[in-house]
Amino acid sequence: MSSNLRIIFDNISDTASLTATSEALPIDYVKRAGRSYAWRSTDVGEQTINGTFTSPSYINSLAVLRHNISASGTVRIEFLLSGSVVYDSGDVFPSELKPLGEWVVGVDPWGTSSLSLLPTQQFVIWLDNVRLADSYRITINDASNPDSYIQVGRIFAGQYYSPEINAEYGLQLEWQDFGENRRTESGSLRTINTGFARRVSFGLDILSPQEFSRLTLAVARTPKENDIYINIYPEQGGVLEASHAFLAKRESNYQTVNNQFDSFSNQLTFNEV
């Protein structure tokens with residue numbers, strides 16, 4: 001499977017019928033983009049989220065975004081068709097522990113994850129081949145969660161787009177800091193507003209006519225108002241992948257250039273939701 005960038009343009013989980021083991025906050029909140037919306041369980045017992053699609057669909061990826069699953073928690077993702085499991089991830093630890101060499105004895109607690117320092121957490125599975133499924137099941141076990149509940153902000157599922165030839169060198173990732181420094185009357189420097197949002201911009205400079213068609217059809221059904229999930233360095237792991245993967249909306253218009261015979265290029269920009 002190629003490690004080129006991947007984008008889930010069409011999130012079929014947003015139109016699925018969802019249920020959860022418990023709901024301190026509604027499970028349907030995972031269909032809403034606002035950062036203040038999230039599903040939350042009532043306790044840290046085993047939690048199962050079931051999503052039933054409007055019709056059987058082809059799927060090869062699922063992302064659990066903005067979760068609070070701890071380093072000791074596990075996630076299991078299953079795709080089903082007519083009640084039969086067609087894919088099973090098994091129990092997976094979504095948090096990456098600091099490897100030996102980065103983990104400092106006597107300084108870092110055992111089980112520390114570098115990714116916990118990032119503003120949002122995510123867990124995503126990618127399949128080599130698409131599976132026909134009419135539902136998915138996410139099982140979360142995290143009995144030691146320090147928050148005393150399990151929380152998920154967004155679930156993305158569907159087929160991902162990945163170009164045959166990856167983005168050109170020069171890809172830019174910007175962390176936009178909402179903080180604004182202002183002087184008070186006494187001359188002190190104070191900061192108002194907090195938070196971050198990422199912005200990524202890259203070019204796809206070698207698109208064959210077939211690749212042009214695939215990308216154009218994907219973008220055409222995804223206007224700027226729609227959320228997408230983008231992952232620039234899929235399956236690379238660590239801070240590199242996590243910092244370049246997020247829920248986003250397209251900022252740029254879709255413009256292509258016929259740069260040479262049977263080849264097209266474009267420039268895309270996405271802003272974190």
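A: In this predicted model, the largest cavity is lined by Leu65, Arg66, Thr120, Gln121, Gln122, Arg198, Ala245, Phe246, Leu247 and Glu272. Sorted by class, this lining consists of four nonpolar, three polar and three charged residues. Strand β16, which covers residues 245-250, gives the largest share of the lining, namely three residues. The space in this largest cavity comes to about 70 Å³, and the structure holds three cavities of 30 Å³ or more.

Among the lining residues is Glu272, which belongs to strand β18, a strand made up of residues 263-272. Glutamate 272 counts as buried because its relative accessible area is 12%, which falls under the 20% limit for that term. If its neighbours within four places in sequence are left aside, glutamate 272 is in contact with Arg35, Thr120, Phe196, Ala197, Arg198, Phe246, Leu247 and Ala248.

Arginine 6 sits in strand β1, which runs over residues 6-8, and it is buried, with a relative accessible area of 0%. The side chain of arginine 6 makes a polar contact, at 3.2 Å, with the side chain of glutamate 235.

Terms used:
Residues numbered from 1 in each chain as written. Predicted model: local features only at pLDDT ≥ 70, side-chain atom pairs only at ≥ 80, totals over all residues. Heavy atoms only, no water. 1 Å grid on protein atoms, 1.4 Å probe; cavity = no way out; pocket = protein on both sides within 12 Å on 5 of 7 lines; lining within 4 Å. Points joined across faces, edges and corners; volume = space filled by probe spheres on them. Helix = DSSP H or I, 4+ residues; strand = E, 2+ residues; numbered from the N terminus. Nonpolar A, V, L, I, M, F, W, Y, C, P; charged D, E, K, R; others polar. Buried < 20%, exposed > 50% of the residue type's maximum accessible area, 1.4 Å probe, protein only. Polar contact = N/O pair within 3.5 Å; in protein donor to acceptor, adjacent residues only side chain to side chain. Contact = heavy atoms within 4.5 Å.
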